[in-house]
Amino acid sequence: MNRFISIAFYMFFILIVCGCGPTKTERDMAERLDKVEAMLTQTQIEMTAITKSLRATQDEALKARAAIIELEKNHRKATMISDFYTLKGEVFIVNRADESFQLGGVCLSVYSKKEFDDYIKRVRGEKEKTLRSLYVRLKSADDSHKKTLAEYDALQEDTNEKYPILKLVKQESWPQSLKDDYNKRKKRLDELGSPLGGVLERKKTEIKRIEKSIALVISGDFYYQNLPAPKITTQTNSNGSYKVVLKRNEQYVLVCNAKKWDEQLYWFVPILPLANEQNSAEILLNNNNIHKGEF
């Protein structure tokens, strides 16, 4: 009997194991678990992609930041450069035959308008005083020359009347008093009128020297020679061209002195502030703007 019960229990166990599968609930849970695992896998894939995208975005942000810094740097540099501009031009003279002569190796100085105006006001009175003194000297020298010339002309005329040329042939027969008088006259005439250093020649030389001094002062030499040391200078090349960098919003005066055909030439030319849309300006120094007198 016990053996029969054991056999029956064993057969029942086999039926249960072999004939019964997972329940519906178990199958549903397994299916849901698979879906969850699939979702986790997809999430991991998406997270990986997002991480890569984020890194790429960060790289792009760094590059963009570097580009912005460079742009700001260039902007500051451009702003700084825009405060300055280039003044260029030529120095030349045109003769009566319309031939142009470029003046190479000429020095140019640039002064601020205020500094130059203050200087002119300061020395204008001294220049006028110098001119008055020169004109007084010129009148005195001219009066002395006229007086000496009158003496020379009168003595020569009187000598010619008293001692005609034809009578001088037999001068050795004259009385000693006439000889002495005639020789005294000739000596004085020679002292006054000799072209090799006579009184008249020396007085004419003195007059020319004073007139030259007056011409130089009037031409601008007095102003030029007494100018203070410039802060900005440049020089023309062999073609007479020059170039100098100046501040955009400043007013200046361009000063130049050159010699051509034994004549001293002077320029004192105002430089106006440059418009914002321009990066360069040109000023030609020639016959048209040579300094011809007072300011």
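A: The side chain of N286 reaches the backbone nitrogen of N288 at 2.9 Å. That is a polar contact, meaning a pair of N or O atoms within 3.5 Å; within protein, one must be able to donate a hydrogen and the other to accept it, and residues adjacent in sequence count only if both atoms are side-chain atoms. N286 sits in the segment after strand 9 (280-282). Helices (H or I, at least four residues) and strands (E, at least two) are DSSP runs, numbered from the N terminus. N286 is buried, at a relative accessible area of 9%. Buried means under 20% relative accessible area, exposed over 50%, and partly exposed in between (1.4 Å probe, protein chains only). Leaving out residues up to four places away in sequence, N286 touches F92, I93 and W267. A contact here is heavy atoms within 4.5 Å.

The model is predicted: local features need pLDDT of at least 70, side-chain atom pairs count only at pLDDT 80 or more, and totals for chains, interfaces and linings use all residues. Residues are numbered from 1 along each chain as its sequence is written, and side-chain values use heavy atoms, with hydrogens and water left out.

Now the aromatics. The structure holds four aromatic pairs. Rings of Phe, Tyr and Trp (its six-membered ring) pair if their centres lie within 6.5 Å; planes under 30 degrees apart count as stacked, over 60 as edge-to-face and the rest as tilted. F101 and W261 have ring centres 5.3 Å apart and planes at 85 degrees, so this pair is edge-to-face. It links distant parts of the chain: F101 lies in strand 3 (residues 100-102), W261 in the loop between strand 7 (252-260) and strand 8 (263-271), 160 residues apart. F101 is partly exposed, with a relative accessible area of 27%. F116 and F268 form a tilted pair, 5.9 Å centre to centre with 35 degrees between the planes. This pair also links distant parts of the chain, with F116 in helix 3 and F268 in strand 8, 152 residues apart. Both F116 and F268 are buried.

Helix 3 (residues 113-162) has 50 residues. Its span from first C-alpha to last is 70 Å, close to the 74 Å expected at 1.5 Å a residue. The expected span is 1.5 Å times one less than the number of residues. Helix 3 has a kink of about 35 degrees, centred on V123. The bend at a residue is the angle between axes fitted to the seven residues ending there and the seven starting there.
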